[in-house]
Amino acid sequence: MGQRPGSVEDLGVTGPGVTRGFWAGRRVFLTGHTGFKGAWMAAWLTRMGAEVTGYALAPETDPNLWSLLRLPSVRSVIGDLNDRATLDRALAEARPEVILHLAAQALVRRSYRDPVATFASNVMGTVQLLDAARDCADLRAIVVATSDKAYENVEQIWGYRETDPMGGRDPYSASKGACEIAARSMAASFFSDGGHPARVATVRAGNVIGGGDWSEDRLIPDIVRGCLGAQGSVTLRAPGSVRPWQHVLEPLRGYLMVAERLHAGDATAIGGWNFGPDRRDERAVGEVAEAVVAALGRGRILIDPAGATLHEAKMLRLDCTKARVGLGWVPRLGFDECIGLTADWYGGWAAGRDPATLTLDQIAAYEERTDR
């Protein structure tokens, strides 16, 4: 139950991985490298030998994964996407062949506090980047990361497909839906058939977890701060909400695979792509919290009797048939493995292990499961 008629739940195949030889020496412009997902991407790209230029705002938290990774080979530019002079200069110096756009205001509750900044970052920041990219002569692939929350959520039991309408009630979700529409317009108007040879795709992922996330108002960082901190507990707002949880490396693999297809001139890679876990690995917030606390070996869970005070979707699922059939991408990590990797990372960090080694070791182990 819960799977849309006609979709593919499990094709029974092992998903291919990233072509490491493609990325060796490849010039990549990565936005959002100082964020959680962007820092993991920067680490993976540098491990494969890519020439990475990162463009992002300064890290917001202390600690933060980007600073802990210490990646001297990444040329880091601290700047706002809406600062066009700085952006143009960074792109001209980077001469990218691939752009991976991961920068965003990524927090739902913050979007209620500052909707203007959220739309400015997620919509206009993307438009500025795509407009500036038109001057990059060597550019052949642009991957724009949005969110599963870009879909018009009607709380259906079926997973959302790439052909479903964009939308969003809260400012964050609406900004991601608007980003999808804006990216589609820019792609059709100025890229591929619109003039510039680069091809553009958008990628949408469910809730990602993994070591090194200290963002505000996110489940795993809240658990780590609470259960590994002095208070020894975490308080949940909406323990019954269901989300498509997955380890951060799973969608990043999909993003890189799409970029490879775009760079090769594959027109079927243009458009939107969903990357999410198997239906059996979706979990409610409360179940995820219990699993992480158990894996950490310490902490307790409290429930806020007032519940969530701001609207957030209660049910959100993705249909990833297109990625399974079109790319051969399938999730390689089950729920227990995602929780285990995440807890191992934070547990190692709390015990004084080097965060860069923790991160790169997990990437190496993941590559062995998906190597090609």
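Contact here means heavy atoms within 4.5 Å. The model is predicted.

## Nonpolar cores

Trp 23 touches Val 18, Val 28, Leu 45, Met 48, Gly 49, Ala 50, Val 98, Leu 256, Ala 259 and Glu 260. That list leaves out residues up to four places away in sequence. The largest nonpolar core holds 80 residues. Trp 23, Leu 45, Leu 100, Ile 223 and Tyr 255 touch the most other members.

A second core is separate and has 25 residues. Among them are Leu 91, Ala 103, Cys 179 and Val 200.

## The sheet

Seven strands form an open sheet with parallel pairing. Their order is β3-β2-β1-β4-β5-β6-β11. The edge strands, β3 (75-78) and β11 (271-275), each pair on one side only. From one strand to the next, the twist averages 20°.

Strands β5 (residues 141-145) and β6 (residues 199-205) are joined by five bridges in the parallel sense. Val 143 has Ala 201 in β6 as its bridge partner.

Helix α9 (residues 249-263) lies across β4 (98-101), β5, β6 and β11. Helix α9 runs at about 150° to β5.

## Cysteines

The whole structure has zero disulfides. A disulfide needs two cysteine sulfur atoms within 2.5 Å. For Cys 136, the closest cysteine sulfur belongs to Cys 179, 18 Å away, so the gap is too far for a bond. Cys 136 is buried, at a relative accessible area of 7%.

Cys 338 is in no disulfide either. Its nearest cysteine sulfur is that of Cys 320, 13 Å away. Cys 338 is buried too, with a relative accessible area of 4%.

Terms used: Residues are numbered from 1 along each chain as its sequence is written. This is a predicted model: local features need pLDDT of at least 70, side-chain atom pairs count only at pLDDT 80 or more; totals for chains, interfaces and linings use all residues. Side-chain values use heavy atoms; hydrogens and water are left out. Buried means under 20% relative accessible area, exposed over 50%, partly exposed in between (1.4 Å probe, protein chains only). A nonpolar core is a set of buried Ala, Val, Leu, Ile, Met, Phe, Trp, Tyr and Cys residues joined through side-chain atoms within 4.5 Å. Two strands pair if DSSP finds at least two bridges between them. Helices (H or I, at least four residues) and strands (E, at least two) are DSSP runs, numbered from the N terminus. Axes are lines fitted to C-alpha atoms, for helices over the stretch in contact, and angles run from 0 to 180 degrees between N-to-C directions.
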